[in-house]
Amino acid sequence: MPYAPAPSADDPTAVMGRRVGAWLLDGVIVLAPSVALASRDFEFIRFDDFDAATDFCDDLTDASADAVCVPVPGVDRAYFAEDIPEGGVIGGWVLALGLGILIYVLLQGLRGWTPGKLLFGLRTVGEDGEPPGIGKAIVRWLLFIVDGLLAGLVGFIVALTSTGHRRVGDMAARTYVVGRQHAGRPVVLPGATPPAYAGRPSPPGYARAPGGGGARDTGG
């Protein structure tokens, strides 16, 4: 007989602040070692001010189409390479891809968390509250092509304003990001009709309504 958990006044997906923190941490974990590998052959020059570092980079890149130069504010340095070895760039991309698959697909799909989400007490779940699985995790990851536009602003705005705080990838994969305490049970949003699961026994605290018309809370 079907049952449905009682609606909750709390929104389990109202975790946008922690989501941003988790996203930033995961990004650092993926990108930092990849950038370090790709830029291992860079040199740097210290300048008296940031404008001088910027002028140096402009002159260097104008003189050579193969040169890469990045002025860094605060430390007044310019990191540059006149010819980056192709192996370093490819190695950096391969490392980023591998870390991305490990964190965003395998860990998130099978366990429901990334390092950032684990630290900030979040879980990625399907509509049933369980880890989404590899397939849905791949969909979420690939759709970051859209959500990541404008440095992630598109995904942030969509998640901030949508029901269930879902970005485009979540909508396509039918996933949610919830607080850790809400994982393991169906996602019920305030004002939404709770899902019914036919053929499962009623959980503690619920009794079947007379005539098989669903379930009611016994207050247990």
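1. The lining of the largest pocket divides into 21 nonpolar, 7 polar and 6 charged residues. This description, like the others in this note, rests on a predicted model.

2. The space in this largest pocket comes to about 950 Å³. Its lining is made up of 34 residues, and those closest to the centre of the pocket are W23, G27, Y104, W141 and F144. Two or more lining residues come from each of α1 (16-38), α3 (86-111), α5 (134-142), α6 (144-147) and α7 (153-161), and among these elements α1 gives the most, with 12 residues.

3. Turning to the backbone, most residues other than glycine have a negative phi, and two residues of the model deserve a look on that account. L150, which is not a glycine, has a positive phi of about 55°, and its place is in the loop between α6 and α7. L150 has a relative accessible area of 66% and is therefore exposed, since the term applies to values over 50%.

4. H165 also has a positive phi, in this case near 50°, and is likewise a residue other than glycine. H165 lies in the loop between α7 and α8 (168-173). Is H165 buried or exposed? With a relative accessibility of 16%, H165 counts as buried, because the cut-off for that class is under 20%.

How values were computed. Residues numbered from 1 in each chain as written. Predicted model: local features only at pLDDT ≥ 70, side-chain atom pairs only at ≥ 80, totals over all residues. Heavy atoms only, no water. 1 Å grid on protein atoms, 1.4 Å probe; cavity = no way out; pocket = protein on both sides within 12 Å on 5 of 7 lines; lining within 4 Å. Points joined across faces, edges and corners; volume = space filled by probe spheres on them. Helix = DSSP H or I, 4+ residues; strand = E, 2+ residues; numbered from the N terminus. Nonpolar A, V, L, I, M, F, W, Y, C, P; charged D, E, K, R; others polar. Buried < 20%, exposed > 50% of the residue type's maximum accessible area, 1.4 Å probe, protein only.
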